[in-house]
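Subject: Handing over the structure

Hello,

Here is the structure we talked about. Please open it, then read my notes below with it on screen.

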Amino acid sequence: MFIGTSYSHNVSDNHDYGNTMLNIGVPFAHTPWSAQTRSNENKCESPYYYFDQKWRGMRRTHWMSGSCVIDYGTASILPSLTLDLQDALNYHSMNHSNEKTHPSYYKMFLQESNIEVEASSDNAAGIFRSRLATTPKSTAPASEYYYLLFLASDSMYNQSSVEIKNGSTNEVKVVVHSPVHRWYQSRGEYANFDGHHVFKIDRAPVEYGIIHGYASGDSTVIEPNATSGSSSVNGPAVVYLKFRAADGDVTVATACSFINADKAELNLNAELGNIQNNPLHEHTQDSVFDLQALVDQTTDIWEKQLSSFQVGPSVHAENTHAYEEYHNNTVVFYTALWHSLLLPRVISDADGAYWSFTDNNRTIQYTQPSSQSQSQTILVQEGEKSECDKSLSFGQYYDDFSMWDIFRAQVPLLHLILPTNTVRDMVASLVVKAQQGHWMPIFPAWNSYTGEMVGDHCAVWIADAVLKGLISTNDPLLLGPTPTQQCPNNKNIESTVIDTTDNTIPSTTGAEAHGALYYTLKNALLTPVSHYEYAHSRGRRALDSHLKYGYIPLEDLILESPHPMQQVSRSLEYAYDDFVLAQLLQYVMEKDSEKLSQTEWDTKGWHVDRAASSLTGADSSADSSVDSSVDSSVSASPMAFYRATLDTLREHSTYYKNVIDTSVGFIRGRHANGSFTCPDTFDPTIYYKWITETNVWQYTWFVPHDVESMMELYGGSASFANKLNTFFDKGYYNHGNEPDHHTVYLSAYIEHSGDENDGVLGGAWQIPSRVRSIIKDQYSASERGLSGNEDAGQMSAWLVLSSLGIYQVCPGCGTQSSSSESNSVGGGEYVLNAPLFDNITVIFPAREASDGASVSLRILVHNRHNTIEDVYIQSMHINGVSQECAFVTHSTVMKGGVWEYYMGSAPNKLWGAQGRKCMI
């Protein structure tokens with residue numbers, strides 16, 4: 001539980017913390033609990049740090065686990081013996097020996113006050129319980145009374161408000177309204193919605209009121225019997241409830257909604273109303289809220305999810321690991337699996353309500369629009385409910401997609417282990433965001449567009465799900481409703497054309513009725529014509545420059561971004577995204593060309609090469625400049641348009657070559673005149689501003705979709721192997737950030753003879769030892785067990801997949817290489833690696849391809865007598881058939897069966913020596 005809650009391997013800034021927290025709740029929870037050692041929503045500050053000296057309450061949190069952003073819309077409960085807020089926040093010291101936690105439960109004994117607290121949570125609702133010992137359990141003096149303080153953690157802005165209802169009764173209710181402020185749009189801009197928290201207390205307090213202010217030097221103002229208050233520059237408004245120790249436990253049921261307090265109470269009743277009070281559970285006899293029953297329910301959910309992976313030492317006695325190593329690896333593995341299942345988060349309510357994905361004038365939307373009763377009380381203006389809405393019904397609405405981080409390993413992991421309907425809900429959430437905001441988001445968080453990071457990787461999530469059969473081509477999520485289903489007033493809405501110097505909000509009307517393919521292609525082929533849209537993070541940054549030059553020149557500073565510049569990283573990632581989109585488009589053309597030909601899209605201004613395919617009767621000698629685009633509608637000749645688009649995307653996917661300087665063998669910043677930067681001072685170990693968060697060495701490998709061609713640009717197999725050897729041997733690899741996570745698996749692409757005399761000093765045989773070293777050096781079963789920000793599950797997902805012995809270098813790419821265009825697109829492929837454990841069973845969820853039954857994969861590792869030395873694969877068998885190839889398809893993985901590895905202390909360099917040729 002504590003892995004990643006402290007410093008990593010160096011502590012120069014917050015990027016060197018794991019920045020995880022004690023996330024108490026179900027997978028992908030709307031509003032989990034976390035103990036808090038920090039009482040604010042500051043950027044890059046998790047609620048909980050293991051090394052902090054003070055315990056400051058229990059927070060209902062929306063922290064993006066392992067991130068460097070801000071928490072939002074939060075509320076906290078703080079037990080206290082004093083109403084002085086500064087003293088209350090600093091009263092309790094952190095003593096980890098008094099702390100007990102797991103994913104469904106938290107308990108802490110506060111020795112300074114003799115107060116014990118417990119908490120558990122479902123999705124949006126949770127239960128908190130406190131008791132003041134009448135007989136002291138510590139050396140602290142006994143107290144007759146104590147307080148529960150309820151407050152928002154918005155100390156950056158102090159715009160929260162609080163209410164007390166039925167204060168003197170046993171139906172007392174506290175409401176906290178906590179504004180949501182987003183980052184990476186403007187820094188701390190209000191997101192136009194709040195977190196609304198309802199707390200229902202099971203007994204009447206002996207006193208209640210409002211506290212104001214705790215800014216340094218200011219005195220606390222106490223208002224007994226006050227029923228509402230608002231925060232100010234002097235500090236937050238805080239509800240206090242006073243309880244008598246002799247009256248026993250105080251149990252609080254709570255829930256959150258981003259719509260309003262009524263919806264929060266709806267969530268509370270929906271999630272906790274069916275939990276039966278069991279009088280046999282301790283401390284529940286006189287409470288309507290059964291904490292232990294909720295703990296049991298949430299524990300069952302996590303055990304079902306985590307038990308889909310069963311790991312252990314070998315069944316062969318001679319291969320049994322040392323217990324300590326096995327135990328530590330097991331703790332690391334299951335904690336990583338837990339961390340991988342926290343985000344994205346559900347933000348819809350129990351009735352499916354959520355705020356629309358727009359900057360202003362948000363309206364209530366529903367995940368199941370057609371099921372809403374016409375007699376339902378409308379609390380605020382609601383969005384239209386039309387046929388196009390009904391055709392896109394789904395289960396739950398998700399947000400906080402940390403796309404730049406998670407597309408690499410977390411997305412492939414989720415596509416292995418989540419039920420199809422959960423994956424569909426996540427994809428549907430991306431699609432409805434695009435429908436409501438008219439552009440596919442880049443990094444959707446705080447239910448808002450953000451300009452965070454680089455690339456355009458929602459396309460990767462969507463393509464990976466489609467190619468793996470989790471989203472059907474018949475699903476309206478992909479191509480949108482048929483023309484007869486579309487909203488007559490809303491189809492084919494264009495971005496409003498206004499002066500690009502105007503910063504007003506364009507007046508678009510309603511939601512569009514298109515599907516995922518339209519919006520992902522639109523991002524790749526069109527720049528917003530409205531300055532407001534571009535400045536507010538619609539579309540790709542610097543797309544026009546990228547398409548004009550075939551790379552983004554250094555002269556384009558990309559100032560309309562929280563991460564300006566970073567031109568080379570963007571050029572590389574756009575090339576990858578465009579390859580993924582080409583794969584997706586080709587797949588749809590193969591599987592459902594009839595429906596695709598019926599689409600009615602407005603493609604005016606899209607950068608589609610006329611020469612790629614005849615659209616207007618022109619011959620193949622037509623102008624093929626990068627800047628030419630199709631002016632006619634797709635409806636003029638639909639399939640010709642899509643063939644032209646496919647060829648255009650394939651061409652764009654090669655633009656990575658334009659930022660590789662073959663004279664030095666590295667990626668490099670490039671000017672508009674074609675010259676490379678730093679001709680005399682270039683140093684690949686430097687962090688240049690045209691690279692994102694890393695140095696040249698670490699980003700120079702980011703061509704996951706065309707590794708073989710990249711290898712040739714770097715001098716061929718021998719040179720590429722030597723380059724990788726230098727990268728790892730000299731310690732340039734940086735696991736604490738994501739861009740080079742895939743590099744340890746690139747050796748599998750090196751073709752060689754197995755004979756050192758061929759000059760190729762590398763191959764698939766190197767992967768197991770390098771992966772094992774990374775796991776050993778970069779992860780541990782302690783609070784310092786991560787080497788960098790967890791980043792919403794990416795660091796942990798890498799560990800999970802690598803422990804299983806598989807890794808997808810190119811998510812969303814299918815099985816087709818750029819050089820084999822005639823092959824049909826498949827579900828993707830993984831590089832093989834030696835598993836971390838000798839005995840693994842994976843139970844995959846039921847899928848259509850498995851006739852609705854779950855499938856199990858058994859992985860056995862033989863002859864590994866010494867886990868440190870016996871890391872090299874000698875041979876492998878899949879269901880009894882020898883596997884000489886270091887790659888395996890997604891379909892093979894999902895068929896399950898038995899995989900057997902035979903290990904040794906010296907490498908078998910012939911295993912996997914064909915490179916990727918064995919897949920073609």
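Of the contacts in the chain with a separation of 6 or more, what percentage comes from residues 24 or more positions apart? The figure is 71%. Please keep in mind that this is a predicted model.

**Overall picture**

The chain has 920 residues, and buried residues make up 65% of them. It contains 22 helices and 33 strands.

**A buried helix**

Start with helix 9, residues 458–467. How many of its 10 residues are buried? The count is 10 of 10, so helix 9 is largely enclosed by the rest of the structure. The buried residues run from Cys458 and Ala459 through Val460, Trp461, Ile462 and Ala463 to Asp464, Ala465, Val466 and Leu467.

What covers them? The cover includes helix 6 (403–406), helix 7 (410–417) and helix 8 (420–437). It also includes helix 10 (476–479), helix 11 (516–525) and helix 14 (567–591). Look just after helix 9 too: glycine 469 takes a positive phi of about 80° there.

**Two partners of helix 21**

Now go to helix 21, residues 794–804. Two numbers matter for any packed pair: the angle between the axes and the distance between them.

Take helix 4 (residues 323–339) as one partner. Its axis and that of helix 21 come within 8 Å and cross at roughly 130°. That makes helix 4 oblique to helix 21. The crossing of the two is left-handed. On the helix 4 side, the contact uses Val332, Phe333, Ala336, Leu337 and His339. On the helix 21 side, it uses Ser796, Leu799, Val800, Ser803 and Leu804. By class, the contact of helix 4 with helix 21 has 7 nonpolar residues, 3 polar and no charged.

Helix 7 is another partner: helix 7 and helix 21 pack at an angle of about 55°, with their axes 8 Å apart. They are therefore oblique to each other. The crossing of helix 7 and helix 21 is left-handed. Helix 7 brings Gln410, Pro412, Leu413 and Leu416 to the contact. Helix 21 brings Gln794, Ala797, Val800 and Leu801. The contact of helix 7 with helix 21 divides into 6 nonpolar residues, 2 polar and no charged. Find Val800 on your screen: this residue of helix 21 meets helix 4 and also takes part in the contact with helix 7.

**Salt bridges**

How many salt bridges are there? The count comes to 25. Here are some of them.

Lysine 107 and glutamate 116 meet through their side chains, 3.7 Å from N to O. Is lysine 107 buried or partly exposed? Lysine 107 counts as partly exposed, because its relative accessibility is 27%. Glutamate 116 has a relative accessible area of 12%, so it is buried.

Arginine 131 and aspartate 249 also form a salt bridge, at 2.9 Å from N to O. Arginine 131 lies in strand 9 (residues 125–132). Aspartate 249 lies in the loop between strand 17 (237–244) and strand 18 (250–257). So the pair ties together parts that are 118 residues apart in sequence. Arginine 131 counts as buried at 11% relative accessibility. Aspartate 249 counts as buried at 10%.

Helix 16 (residues 638–652) holds another pair, arginine 650 and aspartate 647. Their side chains meet in a salt bridge at 3.9 Å, N to O. The two are 3 residues apart, so about one helical turn separates them. An α-helix has 3.6 residues a turn, so residues three or four places apart point the same way. Arginine 650 is buried, with a relative accessible area of 17%. Aspartate 647 is partly exposed, at 33%.

**A last stop in a strand**

Finish at threonine 841, in strand 28 (residues 839–844). Threonine 841 is buried, with a relative accessible area of 18%. Which residues does it touch, leaving aside those up to four places away in sequence? Threonine 841 touches Ser308, Phe309 and Gln310, and also Ser856, Leu857 and Arg858.

Best wishes

Definitions and conventions: Residues are numbered from 1 along each chain as its sequence is written. This is a predicted model: local features need pLDDT of at least 70, side-chain atom pairs count only at pLDDT 80 or more; totals for chains, interfaces and linings use all residues. Side-chain values use heavy atoms; hydrogens and water are left out. Axes are lines fitted to C-alpha atoms, for helices over the stretch in contact, and angles run from 0 to 180 degrees between N-to-C directions. Helices (H or I, at least four residues) and strands (E, at least two) are DSSP runs, numbered from the N terminus. Angles under 35 degrees count as roughly parallel, over 145 as roughly antiparallel, 65 to 115 as roughly perpendicular and the rest as oblique. A crossing is left-handed if the near helix is turned anticlockwise from the far one by less than a right angle, and right-handed if clockwise. Contact means heavy atoms within 4.5 Å. Ala, Val, Leu, Ile, Met, Phe, Trp, Tyr, Cys and Pro count as nonpolar, Asp, Glu, Lys and Arg as charged, and the others, Gly among them, as polar. A salt bridge is a side-chain nitrogen of Lys or Arg within 4 Å of a carboxyl oxygen of Asp or Glu. Buried means under 20% relative accessible area, exposed over 50%, partly exposed in between (1.4 Å probe, protein chains only).
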